[in-house]
Amino acid sequence: MKKCCKSIRTIVECVLVVLVGGLAIALINRIPDSSEPKVKNIIYLIGDGMGISHITSTMIAQQYTPLALERAEYVGLQKTYSSNNLITDSAAAGTALSAGTKTYNGAIGVDDNKQPVENIREVAEKMGMATGVVATYAVTHATPAAFMGHTESRNQQDLIAEQFLDTNVDVFFGGGQKYFMQRADSLDLVGKLQEKGYTIATSLEEIADIKEGKVGVLAARKGLPTMLKGRGNFLPEATTKALEILTANAKKNKSGFFLMVEGSQIDGEAHANNLEGVVAEIVDFDAAVKIAFDYADKHPGTLVVVTADHETGGLTIINNNNKFDVAENPIAYHFSTGGHSGGMVPIFAYGAGAEAFSRVLENTDIPLIMKSLLAE
Ligand code: MG
Ligand code: ZN
């Protein structure tokens with residue numbers, strides 16, 4: 001009996017030694033601070049067409065006064081190519097960034113076989129989280145569409161608008177009246193959305209008193225004006241409002257939220273090779289980044305990821321006359337194309353889980369990492 005007790009004690013002691021030893025090794029190996037909370041909320045900001053030279057041009061225009069995105073704690077790079085082209089379009093890149101699947105240019109939320117692929121907003125929705133999309137172009141346009149619908153072609157914007165009804169998205173703010181309110185067919189999409197409990201408005205002012213619930217704002221026929229043409233503060237204001245409503249809805253659900261915010265028109269200005277327009281659009285986008293980073297500061301458990309879908313314009317910053325040794329030599333901006341280019345684009349990450357993005361990634365890795373962080 002005594003012998004037996006002794007051997008049991010030895011086993012218990014052995015187990016304890018193994019456990020304590022294992023714990024010590026686990027603690028030594030643990031890189032993230034154990035006080036860092038798990039990822040509860042995700043704010044995903046996408047600057048359409050925003051390459052490193054576009055950001056640098058904005059820094060120069062602001063005389064290197066730091067941009068909000070420079071507050072990022074971790075920086076990475078991502079490869080943008082699509083499944084059928086080294087130069088991606090915004091639909092394939094949007095699908096890669098939303099669903100983690102490389103697909104053909106023009107595809108919205110479908111793979112090479114034209115089969116729907118689940119996007120990170122849908123994953124969040126299934127987990128009971130509140131979700132939203134904010135854009136300055138139509139909410140049915142390629143980038144936000146990749147978080148909302150599944151179509152063989154980005155041109156099927158009427159169908160993408162109909163697919164909003166298949167979701168439980170909490171907020172969608174942007175343009176796109178044409179596809180919801182001014183449709184060629186007789187479908188009353190606004191009526192159907194209202195039946196589902198949505199408030200549908202055509203300006204942020206109209207919803208100023210709404211603090212929770214399901215809300216859509218369609219503030220233009222297609223896209224809102226560019227910054228140079230007077231868009232004003234729509235993007236930062238829409239971001240603030242979306243965060244207010246999503247925070248309230250998430251609290252009600254006892255969940256977190258997922259929000260995608262697109263700086264939609266950096267791309268258009270770069271297609272037009274309009275540097276002043278690019279800078280104005282990035283300054284506006286950066287204001288939304290600031291709001292997201294400030295939110296993360298106040299709400300531990302919030303991950304903010306800022307990236308682009310691709311570079312537009314092949315922008316370079318060069319000396320005007322190729323003489324580097326002359327003081328005050330004026331610089332020149334050179335666009336090499338009216339289309340997209342194939343360079344890697346930056347990732348700026350902040351808050352809970354941000355360290356996972358400090359690498360060279362595929363664009364498809366980003367939503368997959370987000371998904372695994374939400375599952376922790
Ligand atoms: Mg876009
Ligand atoms: Zn483009």
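The model is predicted, so local features need pLDDT of at least 70 and side-chain atom pairs count only at pLDDT 80 or more, while totals for chains, interfaces and linings use all residues. Residues are numbered from 1 along each chain as its sequence is written, chains are lettered from A and ligands numbered from 1 in the order in which they are written, and side-chain values use heavy atoms, with hydrogens and water left out.

**The magnesium site**

- Let's start with the magnesium ion (ligand 1), which is coordinated by D48 (OD), T143 (OG1) and E262 (OE) at 2.0 to 2.2 Å. Donors here are N, O and S atoms within 2.8 Å of the metal (3.2 Å for Na, K and Ca); water is not among the atoms, so sites may look incomplete.
- Along the chain, the donor residues of this magnesium ion follow the spacing D-x94-T-x118-E. T143 sits in helix α5 (residues 142-145) and E262 in strand β7 (residues 257-263), so the pair ties together parts that are 119 residues apart in sequence. Helices (H or I, at least four residues) and strands (E, at least two) are DSSP runs, numbered from the N terminus.
- Are T143 and E262 buried or exposed? T143 is buried, with a relative accessible area of 1%, and E262 is buried too, at 2%. The cut-offs are these: buried is under 20% relative accessible area, exposed is over 50%, and partly exposed is in between (1.4 Å probe, protein chains only).
- If you skip its neighbours within four places in sequence, T143 is in contact (heavy atoms within 4.5 Å) with I46, D48, S90, E262 and D309.

**The zinc site**

- Which protein donors does the zinc ion (ligand 2) have? They are D267 (OD), D267 (OD), H271 (NE2) and H340 (NE2), lying 2.1 to 2.3 Å from the ion.
- In sequence, the zinc donor residues are spaced D-x3-H-x68-H. D267 is in helix α10 and H340 in strand β12 (residues 340-341), so the pair ties together parts that are 73 residues apart in sequence.
- Both D267 and H340 are buried.

**Strand β13 and its partners**

- In strand β13 (residues 345-351), 7 of the 7 residues are buried, so the strand is largely enclosed by the rest of the structure.
- β13 pairs with strand β2 (residues 74-79) in the antiparallel sense, over 5 bridges. Strands count as paired if DSSP finds at least two bridges between them.
- Strand β8 (residues 302-308) also runs antiparallel to β13, joined by 5 bridges.

- The largest nonpolar core has 52 residues, and I43, L45, F173, F257, L259 and V304 touch the most other members. Its largest share, 11 residues, comes from α11. A nonpolar core is a set of buried Ala, Val, Leu, Ile, Met, Phe, Trp, Tyr and Cys residues joined through side-chain atoms within 4.5 Å.
- A second, separate core of 46 residues includes L97, F147, M260 and I369.
- In α2, H54, I55, S57, T58 and M59 are buried. The buried residues of α2 pack against α10, α11, β9 (311-312), β10 (315-319), β11 (331-335) and β13.

- Most residues other than glycine have a negative phi. Y64 has a positive phi, near 60°; Y64 lies in the loop between α2 (52-61) and β2 and is exposed, at 54% relative accessible area.
- N273 has a positive phi as well, near 55°. N273 is in the loop between α10 (266-271) and α11 (275-298), and is partly exposed at 35%.
- S83 is in the loop between β2 and α3 (90-99), partly exposed at 33% relative accessibility. The side chain of S83 makes a polar contact of 2.7 Å with the side chain of D112, and a polar atom of the S83 side chain lies 3.1 Å from the backbone nitrogen of Y104.

Conventions
A polar contact is a pair of N or O atoms within 3.5 Å; within protein, one must be able to donate a hydrogen and the other to accept it, and residues adjacent in sequence count only if both atoms are side-chain atoms.
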